[in-house]
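Hi everyone, thanks for coming. Let me walk you through a structure that is new to this group, one spot at a time.

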Amino acid sequence: MPKPPLVLASESPRRRELLALLGIPFTVMPSDVEECPEPGEQPRLFVARAALDKCREVARRAEDSVVLAADTIVSIDDGILGKPLDRADAVRMLESLSGRCHSVLTAVAVIEPGSGMVHEGLEETLVWFRALTAEMIDDYLGRENVMDKAGAYAIQGFASVFIPRIAGNYPNVVGLPLPLTHDLLCRTLS
């Protein structure tokens, strides 16, 4: 019996690149779900709910496919740093990360066609930022578009010079934890 097709519920080019590394053919169908935390919602609960909501929304449109969705946030002081609203918001986020350690949380959800069975997991990576001056932040924001990046930075870009170390899975910080994703897909596609 042929395996059902895989659909990635994301328009993120970084997630596409990472998922392609697994060698599983897939198509892309972005989700229409808004990524907004509920008042007081804890970071882990929010990111897991957002990934599952995206997955379910796309699964309704791709009924005969395995659907994979992910959501990534930056969390510091039990708060959530999503994508910045504007440059001032990006500056605020980078100032809050300056000289500190924060968590990058990515939730991954996979739905099987037919049964609707859900497989999901959460990955956390700790990221340390060096202290940033206002000039460093301004220079960085002039170099890269960070408006579509949680926490207003991309570890795979110039921001890597601000990050002396991480503890955990590097692809998680980029947007898709490959070991977790591989495990979930193996459970679903086997």
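Let's begin where two helices meet. Arg 87, Ala 90, Val 91, Leu 94 and Glu 95 in H3 are in contact with Ile 137, Asp 138, Tyr 140, Leu 141 and Gly 142 in H4, contact meaning heavy atoms within 4.5 Å. Sorted by class, the contact of H3 with H4 has 6 nonpolar, 1 polar and 3 charged residues. For those classes, Ala, Val, Leu, Ile, Met, Phe, Trp, Tyr, Cys and Pro are nonpolar, Asp, Glu, Lys and Arg are charged, and the others, Gly among them, are polar.

A quick word on what you are looking at. This is a predicted model, in which local features need pLDDT of at least 70 and side-chain atom pairs count only at pLDDT 80 or more, while totals for chains, interfaces and linings use all residues. Residues are numbered from 1 along each chain as its sequence is written, and side-chain values use heavy atoms, with hydrogens and water left out. When I say helix (H or I, at least four residues) or strand (E, at least two), I mean a DSSP run, numbered from the N terminus.

Back to our two helices. Two packed helices are described by the angle between their axes and the distance between the axes. What is the angle at which H3 and H4 pack? Helix H3, residues 87–97, and helix H4, residues 134–143, pack at about 130 degrees, and their axes are 10 Å apart. The axes are lines fitted to C-alpha atoms, for helices over the stretch in contact, and the angles run from 0 to 180 degrees between N-to-C directions. That angle makes H3 oblique to H4; under 35 degrees would be roughly parallel, over 145 roughly antiparallel, 65 to 115 roughly perpendicular, and the rest is oblique. The crossing of H3 past H4 is right-handed, a name used if the near helix is turned clockwise from the far one by less than a right angle, with left-handed for anticlockwise.

Now for the aromatic rings. How many aromatic pairs does a search of the whole structure find? The search finds 4. Rings of Phe, Tyr and Trp (its six-membered ring) pair if their centres lie within 6.5 Å, and planes under 30 degrees apart are stacked, over 60 edge-to-face and the rest tilted.

Phe 129 and Tyr 153 form an edge-to-face pair, 4.9 Å centre to centre with 70 degrees between the planes. This pair links distant parts of the chain, 24 residues apart: Phe 129 is in the loop between strand E6 (118–128) and H4, and Tyr 153 is in the loop between H4 and strand E7 (165–167). Are these two residues buried or exposed? Phe 129 is buried at 4% relative accessibility, and Tyr 153 is buried at 5%. Buried here is under 20% relative accessible area, exposed is over 50%, and partly exposed is in between (1.4 Å probe, protein chains only).

Phe 158 and Phe 162 also pair: their ring centres are 6.0 Å apart and their planes are at 90 degrees, so this pair is edge-to-face. Phe 158 is partly exposed at 28%, whereas Phe 162 is buried at 4%. Ring pairs link Phe 129, Tyr 140, Tyr 153, Phe 158 and Phe 162 into a cluster.

Next, two residues with positive phi. Asp 78 has a phi near 60 degrees, a positive value in a residue other than glycine. Asp 78 sits in the loop between E3 and strand E4 (79–81) and is exposed, at 61%. Beyond residues up to four places away in sequence, Asp 78 touches Gln 42 and Pro 43. Ala 152, also not a glycine, has a positive phi of about 65 degrees. Ala 152 lies in the loop between H4 and E7 and is buried, with a relative accessible area of 0%.

To finish, have a look at Leu 8, in strand E1, residues 6–8. Leu 8 is buried at 0%. Which residues does Leu 8 contact, leaving aside neighbours within four places in sequence? They are Arg 15, Arg 16, Leu 19, Phe 26, Thr 27, Val 28, Met 29 and Leu 68.
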